[in-house]
Amino acid sequence: MSKNLIPVIEYNPNMTCRNAKKSKDSMIRSICKVTNLDWEEVYNRLCKRGLEMGCMPDCTNVVVKEFGFKLKDKCRLKVKKFIKKHQVGIFILVVGNYAFPLTHGAVWDADSINFEKEFKNCKVDKYFIIEDE
């Protein structure tokens, strides 16, 4: 693998809808990866908490309240640079309306083939810290 490539591992725990772009469940898939919980459990927990809070299930406040992740919302690094700087640790990065997990320098995404082309030069809008060293 070239030094310039972002390591992306194919990952989609949503067994009902295999088309990640159609399902729009990137935050749920990301949480599944970093918590080792199954898709249905994460989905149900976020929906229940979202209902209690009067917010959509993938709202930042719902995610923080339900899972206790630490939020950093002032990043603005490009994805490629963020990954290079964070080779150790577990994070969920948010770019626009799309989220993906980063574990020890590797991205886990349902569309591993197109990930680098679509996201490497995008800026990280915010990220959640799950485990940091």
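Predicted model: local features only at pLDDT ≥ 70, side-chain atom pairs only at ≥ 80, totals over all residues.

Visitor: What makes β3 and β4 a pair?

Guide: Two strands pair if DSSP finds at least two bridges between them. β3 and β4 are joined by 6 bridges and run antiparallel, so they meet that definition. A strand here is a DSSP run of E with at least two residues, a helix is a run of H or I with at least four, and both are numbered from the N terminus. The two strands form a hairpin with 2 residues between them, and G96 in the turn has a positive phi of about 60°.

Visitor: How do you know that β4 and β5 pair?

Guide: They have 2 bridges, in the antiparallel sense, and at least two is what the definition asks for, so they pair. The bridge partner of L102 in β5 is V107. In this hairpin, H104 takes a positive phi near 50°.

Visitor: What is the order of the strands in the sheet?

Guide: The open sheet has 6 strands in the order β1-β5-β4-β3-β6-β2, with mixed pairing. β1 (8-10) and β2 (70-72) each have a single partner strand, so one side of each is left without a neighbour in the sheet. β1 runs parallel to β5, joined by 3 bridges.

Visitor: Why is β4 called largely enclosed?

Guide: 6 of its 6 residues are buried, so β4 (residues 98-103) is largely enclosed by the rest of the structure. Buried means under 20% relative accessible area, with exposed over 50% and partly exposed in between (1.4 Å probe, protein chains only). Y98, F100 and L102 cover one side, and A99, P101 and T103 the other.

Visitor: What makes a group of residues a nonpolar core?

Guide: They must be buried Ala, Val, Leu, Ile, Met, Phe, Trp, Tyr or Cys residues joined through side-chain atoms within 4.5 Å. The largest such core has 20 residues, and M27, I31, L46, F69 and I92 have the most contacts inside it. α2 gives the most to this core, with 5 residues. A second, separate core of 17 residues includes C75, F82, L93 and F100.

Visitor: How are the packed helices α2 and α3 described?

Guide: Two packed helices are described by the angle between their axes and the distance between the axes. For α2 and α3 the angle is about 115° and the axes are 9 Å apart. Axes are lines fitted to C-alpha atoms, for helices over the stretch in contact, and angles run from 0 to 180 degrees between N-to-C directions. Contact means heavy atoms within 4.5 Å, and here it is made by I28, R29, I31, C32 and T35 of α2 and W39, V42, Y43 and L46 of α3.

Note on methods. Residues numbered from 1 in each chain as written. Heavy atoms only, no water.
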